[in-house]
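Reader: I have a sequence and a model on my screen and would like to go through them with you. Could we take it question by question?

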Amino acid sequence: MTGILDLLNSDAGKAIISGVAGSTGQDTSKTSSVLTMALPVLMKAMQRNASTPKGAEGLMGALDQHDGGILDSLGDLFRGGVDEEVRQDGDKILGHVLGDKKHGVEKVIGQKAGVDTSVVADILKTAAPILMGVLGRQKRENNVRGASDLTGLLGGLLGGNSTQREQSFLEQILDADGDGSIVDDVAGMVLGNSSSSQQKSGGLLGGLLGGIFGRK
């Protein structure tokens, strides 16, 4: 299964990044950094939510509504700016997925990407419905029918070979309380990896945690 970061690096992913950047008035490289950090965090949060029957049922229903049709009309979506209805949908998605952790997550990602929290929120409002479209299409194509299938799908897209350390980082981001201390706690983990250690870590998130935050 193609991972979410592989998708971002594909031609379609680059078109999405460019479109989101243009629609939010942000630099493409900053938008790329925000999305590369945020999408795995959002998917990890979904994986957490899907671990309970109620959470899995809710996510399955949401993915039925976001069936991937948005991916077939990205040109229209980004032409002239993203419709406010799409952004409102994105804000609702972020609220459901992150709950009271939303602001803390946005703040941490903003500090790492070097942009204001409000900019992160703006980017994610635009990108969240697209992510749900990707997941909805994957759900349909992989015939996902129950909670175990759903968590397997999310795990596969996150990168089945990601290390415990990488998974722990995503958990720490989700547990951020908004005071910024999490940035100091994980700065060495994220920015201190050498290129050789990145290669050894394996998995889709190895490159992410080895230095993607500082990518130009």
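Reader: In which helix is the place of arginine 48?
Author: Happy to start there, keeping in mind that this is a predicted model. Lysine 44 is found in helix α3. The place of arginine 48 is likewise a helix, namely α3.

Reader: Is arginine 48 buried, partly exposed or exposed?
Author: Buried would need a relative accessible area under 20%, and exposed one over 50%. Arginine 48 comes to 32% relative accessibility, so it counts as partly exposed.

Reader: How far apart in space are lysine 44 and leucine 170, C-alpha to C-alpha?
Author: Lysine 44 has a relative accessible area of 10%, which means that it is buried. Along the sequence, 126 residues separate lysine 44 from leucine 170. In space, C-alpha to C-alpha, the two are apart by 6.9 Å.

Reader: Let's move to histidine 66. Where is its place in the chain?
Author: Helix α4 covers 53-65 and helix α5 covers 74-78. Histidine 66 has its place in the loop between α4 and α5.

Reader: Is histidine 66 buried or exposed?
Author: The cut-off for buried is a relative accessible area under 20%. Histidine 66 has 16%, so it is buried.

Reader: How many residues apart in sequence are histidine 66 and arginine 137?
Author: These two touch each other. Their C-alpha atoms are 8.0 Å apart in space. In sequence, the separation of histidine 66 and arginine 137 is 71 residues.

Reader: What is the relative accessible area of proline 129?
Author: Proline 129 has its place in helix α8, residues 117-141. Its contacts beyond four places in sequence include His66, Ile70 and Gly90. Proline 129 is buried, because its relative accessible area is 3%.

Reader: How far apart in space are proline 129 and valine 86, C-alpha to C-alpha?
Author: Val86 is among the residues in contact with proline 129. The two are 43 residues apart in sequence. From C-alpha to C-alpha, the distance is 7.0 Å.

Reader: Which helix gives the most to the lining of the largest pocket?
Author: The largest pocket has a volume of about 310 Å³. Of its 18 lining residues, the closest to the centre are Leu7, Ile16, Leu71, Ile130 and Val134. At least two lining residues each come from α1 (4-9), α2 (11-24), α3 (28-49) and α8. With seven residues, the one that gives the most is α8.

Reader: How many residues of the lining of the largest pocket are nonpolar?
Author: Three lining residues are polar and two are charged. The nonpolar residues of this lining number 13.

Reader: What is the phi of asparagine 143?
Author: Asparagine 143 is found in the loop between α8 and α9 (147-158). It counts as partly exposed, because its relative accessibility is 44%. Although asparagine 143 is not a glycine, its phi is positive, at about 55°.

Reader: Stepping back, how many helices does the chain have?
Author: Of the 216 residues of the chain, 49% count as buried. Among contacts between residues at least 6 apart in sequence, 78% join residues at least 24 apart. The secondary structure has zero strands, and its helices come to 13.

Definitions and conventions
Residues numbered from 1 in each chain as written. Predicted model: local features only at pLDDT ≥ 70, side-chain atom pairs only at ≥ 80, totals over all residues. Heavy atoms only, no water. Helix = DSSP H or I, 4+ residues; strand = E, 2+ residues; numbered from the N terminus. Buried < 20%, exposed > 50% of the residue type's maximum accessible area, 1.4 Å probe, protein only. Contact = heavy atoms within 4.5 Å. 1 Å grid on protein atoms, 1.4 Å probe; cavity = no way out; pocket = protein on both sides within 12 Å on 5 of 7 lines; lining within 4 Å. Points joined across faces, edges and corners; volume = space filled by probe spheres on them. Nonpolar A, V, L, I, M, F, W, Y, C, P; charged D, E, K, R; others polar.
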